[in-house]
Amino acid sequence: MVVRKAPSPQNNASGSPRLISVEPLPEMEGPMCQWVPASASMSLAAALQQERIAAGAVPDEAARLAASQRKPDRIIRDPYASYSSVAVDPIRNEVVFTDENLFNIMVYDRMANTPPSATMTEPKRVIGGLKTKIEFQCGLYIDPDSGDIYAVNNDTVNTLVIFSRQAKGNVPPDRELYTPHGTFGIAVDEEAQELYLTLQHDSAMVVYKKTASKDDSPLRLLQGVRTRLADPHGIALDSKNRLIFVTNHGSVHQKRPGGQPASYGGGRPEGKTNWPVGEPVPGTGRNFPPAITVYALDAQGDTPPLRVIEGPKTQLNWPTGIAFNPKRDELYVANDMGDSILVFDAKAGGDVAPLRVIKGPKTMIDNPTGVFFDAPNDELWVTNFGNHTATVYKPATAGDTAPLRVIRSGPLGKPALAIGNPGALAYDSKREEILAPN
């Protein structure tokens with residue numbers, strides 16, 4: 001976003017410069033910039049401009065000259081990565097994060113621990129750039145054998161991208177799967193070699209072969225009023241007991257078969273089966289309480305959940321990431337707006353209180369969106385979208401307990417700007433404030 005001010009005070013009794021216009025940055029494809037390490041001498045603005053010119057985003061010499069000469073008074077943006085989801089590769093002793101701010105996949109040593117005096121911890125590898133097709137990535141899975149990274153694009157790119165563990169820099173994915181719009185969570189049943197994806201806007205879930213690519217159709221579709229799927233986000237599997245756990249924010253509308261698709265991307269692709277389509281029925285929009293819905297592993301169609309965890313006692317408030325611990329038979333939920341991790345008995349249903357809550361200033365938990373249970377190392381990982389951190393705990397942790405380790409992408413205590421794909425801007429002239437909806 002570019003903000004310009006008048007060269008001299010205009011209609012301002014205080015005599016100070018005032019905002020006169022807000023202009024969008026020129027159109028471009030792909031991420032705004034690649035990861036810039038703390039040791040780099042190039043400024044973020046210079047790196048951004050270099051990326052745009054190299055990509056041909058500035059189409060001709062006249063436009064390039066104009067873009068270089070029209071310097072903004074200031075740029076409102078967060079220069080640090082915001083971790084959104086997490087997965088651990090215990091075999092290679094690495095932890096992987098998706099970064100929804102700078103559009104990167106970032107790989108660190110699992111035992112990294114950022115000192116309080118350090119600005120950040122430098123990642124071992126970064127995957128990012130126009131060729132990667134990485135944008136608003138919110139779901140992450142690591143193949144336990146190969147180390148391949150599966151990353152879900154949610155908002156602007158309808159593609160699941162898969163990279164080998166050797167990938168780094170601005171490289172194309174090794175494999176792509178063209179997914180319905182609004183895909184968010186990912187889980188894999190390794191025994192059945194099946195890949196599960198939640199669909200946020202369509203209030204649905206699709207299941208693919210794990211090896212699916214490009215235009216392959218889903219094997220199964222779970223969608224309908226009876227499913228109680230309502231803006232689903234996170235997903236976790238209990239393969240032994242053949243169960244699916246899904247977190248739901250709560251908004252949903254009824255859809256009629258046929259007609260226009262509910263997905264924003266435009267109709268069902270030719271030849272696709274088990275694809276979520278349906279025209280929203282006017283007047284049917286509603287909000288359910290935030291919930292965790294539980295299904296049989298092979299559920300499909302308009303099938304109701306086996307049970308639902310919802311109600312005021314649950315403390316659920318925008319539940320996003322979810323992880324299952326088979327050792328303790330527990331669910332860990334990243335409770336975004338509650339700044340907490342909620343722990344439930346995996347067999348629970350109804351309006352039940354959590355077994356434990358991890359919350360408080362010592363925990364450093366701030367708008368958590370991702371959670372991962374590392375079974376081999378018996379550790380619980382959390383990504384905090386609100387403060388540039390990923391924090392690690394023992395699974396039995398409760399209350400206001402400090403993490404075992406912290407990985408930071410920015411200075412200690414630096415809040416994240418949390419601008420996530422703003423669609424419009426407004427200026428409040430009375431308060432001299434810029435309003436940026438997300």
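In what order do the four strands β8, β9, β10 and β11 form an open sheet? The order is β8-β9-β10-β11, and the pairing is antiparallel. Strands here are DSSP runs of E with at least two residues, numbered from the N terminus. Two strands count as paired if DSSP finds at least two bridges between them.

The model is predicted: local features need pLDDT of at least 70, side-chain atom pairs count only at pLDDT 80 or more, and totals for chains, interfaces and linings use all residues. Residues are numbered from 1 along each chain as its sequence is written, and side-chain values use heavy atoms, with hydrogens and water left out.

In this sheet, the edges are formed by β8 (137-142) and β11 (175-178). Each of these edge strands pairs on one side only. Neighbouring strands are turned against each other by 20° on average, direction ignored. Strand β10 spans residues 159-163. Four bridges link β10 to β11 in the antiparallel sense. Ile 162 lies opposite Arg 175 of β11.

A further open sheet is built from four strands in the order β16-β17-β22-β23. Its pairing is antiparallel. The edge strands are β16 (232-238) and β23 (307-310), and each pairs on one side only. Neighbouring strands of this sheet are turned by 20° on average, direction ignored. Strand β22 covers residues 291-296. It pairs with β23 over four bridges, in the antiparallel sense. Ala 291 has Glu 310 in β23 as its bridge partner.

Notes:
Axes fitted to C-alpha atoms, helices over the stretch in contact; angles between N-to-C directions.
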